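Please read it alongside the sequence and the coordinates.

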Amino acid sequence: MNPAVVISAAAVLLTSIFLLPFLNPNNTKDSLNSGDSVGGVVADLLVTNGVIYTVDPEMPFADSMAIRNGRVLRIGNYSSLKELEGNANERLDLEGKLVLPGFIDSHLHLIYGGLQMAQVELRDVSTKEEFISKVKLAAEGWEQGSWILGGGWNNDLWGGDLPLASWIDDITPNNPLWLSRMDGHMGLANSLALKVAGITRDTEDPAGGIIVKDDDGDPTGLLIDSARKLLLSMIPEASVNERREALVRASNYALSKGVTMVVDLGRYFPGASSQLSWDDLTELMYCEMGFFSISADVYLWEHASRNMNIRSCLFFPMETWSRLAELIQTKGRMLSEWIYLGGVKAFIDGSLGSNSALFYQSYTDDAENYGLQVTDLDSVFNMTSMSDKSELQVAIHAIGDKANDLILDLYKSVAASNGARDRRFRIEHAQHLAPGSPALFGEQGIIASVQPEHLLYDADSAIKKLGEERAQKGSYLFHSLLANNAELAFGSDWPVADIDPLWSIRTAVKRIPLSWQFPWIPSEQITVEDAIAAHTISAARSCFLDHELGSLSPGKLADFVVLSTDSWEDFLKEVSATIDATYVGGRQAYPPLTTAA
């Protein structure tokens, strides 16, 4: 027998045994179907002396909670839990602090954000001079010839003028450079990067994208939406180790903000490769004997090495729907209590900040521009229909009012064609809606996956780009959506905006933009309870995980956060607190526990 064959087969077998526990969706901790104690069962952790807001209408408040095997065993008053005490169980005295279910961030880009944390950070840069200074400082320590990467810039913070390659060409003569705008739909390349990508005055705009050119017809360095693919393909891919480090870095940051579960839309933007999100999960192959074998890449490596400390529901590019359907058919949606396969995502338009969100009326500051439809509608319809027939959840990015209506119509047609079922279609962002559109979200049962913190930056920009009347009538209509029985799921879109559910909740309640002293569209303010629900139980429903997460209820996973405040009334009034601790499955994940030497 060939020794190489024996060694190879042994490697496949060992890898399969090593990864089997989390690839088998049935191999999870026993669920508890009720809060009743059975035959001497005791809690692993007893949480007492707090103000626990459960987000469970059957018991909205409690002062104590018993946890066993990472799940809520019972919740209520301490006297009702005393029989679950034991000599070996741990105890957590909350000292009167407020507890909420662990926050769910319904829309972010976890590994992309983790990578950006180690790159040139331009978030909150407020002047041209500061922009140039930060790039110069980074370039001084960069290896000659290597790519300088970064992002987070927002031109609205320095008056609206878009950056140009000429700003930074002199300080980056030996390094190609790419800096993404905060929204991920536009970026700035220096002249060397344009040269590497072969982008010249003669290069035509690709479908769904724009190469911004000056009055003489020369590229300015700005690439919008699908035009980004002309350059992104030239940037070396981050190594597996870099992506693994990014996942750890990003997860720890999210936990520090009270986030215990994320819906990760992956490293997929207009112009980016559809393979990146898959690379971050795993490399899949069939061996000659027909067994399904897996070589762990990022997410699966993180779990297999027992470093996973945050739950993730993963979405993949819609054009790869058949690949996801096959994986779910083989392994199920739940790879473990840490990794869930969510669904597929597509784009229909760009962003407001990049003047590429699709509207019925033109931009006030760009009279010939109505925005971009970045994907062919027939193609999106066909892929949505096939994904839906395969019972995959579908999420589509839509920001402008016309874009949202196109997707609402598309979803209605697909549902009518494929028949009634619980499909929970999602529209990501739903920022600007036409009159009557909020009612359609409710009528069709569409999830509005929205990001409150965006309105802090968009208020001034929306008025400038759309005019005050349009901006006032159609922007961030959270209350209107709820009033029309639509489901709101809150997220951050990190790294576009910061991960901070408490700030997101405050923003949705107060709606006071940066540098403003009064609310923007006060009629669209919502209650604290509704805002918390959007980051917990509604967020869980938005990805079919409300049976596992989203409230502190018997049988559900024991993910919760301890806040700095000890008063529910004060929190309702001020919506102000910080995260004291984050627990995932009943174990403290933030601050990280230190092991004594």
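**Salt bridges and a helix contact**

The count of salt bridges comes to 23. The model is predicted.

**Arg181 and Asp156**
- A salt bridge joins the side chains of Arg181 and Asp156, at 3.5 Å from N to O.
- The two residues are 25 apart and link distant parts of the chain, with Arg181 in strand E11 and Asp156 in the loop between strand E10 and helix H4.
- Arg181 is buried at 4% relative accessible area, whereas Asp156 is partly exposed at 25%.

**Arg267 and Glu237**
- In the salt bridge of Arg267 with Glu237, the closest N and O atoms are 2.7 Å apart.
- Arg267 sits in the loop between strand E15 and helix H8, and Glu237, 30 residues away, in the loop between helices H6 and H7.
- Arg267 is buried, with 6% relative accessible area; Glu237 is partly exposed, with 40%.
- Both belong to a network of salt bridges that also links Arg243 and Asp280.

**Lys465 and Asp365**
- Lys465 and Asp365 form a salt bridge through their side chains (3.6 Å, N to O).
- Lys465 is in helix H14 and Asp365 in the loop between strand E19 and helix H11, so the bridge ties together parts 100 residues apart in sequence.
- Lys465 counts as buried because its relative accessibility is 7%, under 20%.

**Helices H12 and H13**
- The axes of H12 (residues 401-418) and H13 (residues 437-444) come within 11 Å and cross at roughly 25°, so the helices are roughly parallel.
- The crossing is left-handed.
- Contact residues include Leu408 and Tyr411 in H12, and Leu440 and Phe441 in H13.
- The residues of this contact comprise four nonpolar, three polar and two charged.

Definitions and conventions
Residues numbered from 1 in each chain as written. Predicted model: local features only at pLDDT ≥ 70, side-chain atom pairs only at ≥ 80, totals over all residues. Heavy atoms only, no water. Axes fitted to C-alpha atoms, helices over the stretch in contact; angles between N-to-C directions. Helix = DSSP H or I, 4+ residues; strand = E, 2+ residues; numbered from the N terminus. Parallel < 35°, antiparallel > 145°, perpendicular 65-115°, else oblique. Left-handed = near helix turned anticlockwise from the far one by under 90°. Contact = heavy atoms within 4.5 Å. Nonpolar A, V, L, I, M, F, W, Y, C, P; charged D, E, K, R; others polar. Salt bridge = Lys/Arg side-chain N within 4 Å of Asp/Glu carboxyl O. Buried < 20%, exposed > 50% of the residue type's maximum accessible area, 1.4 Å probe, protein only.
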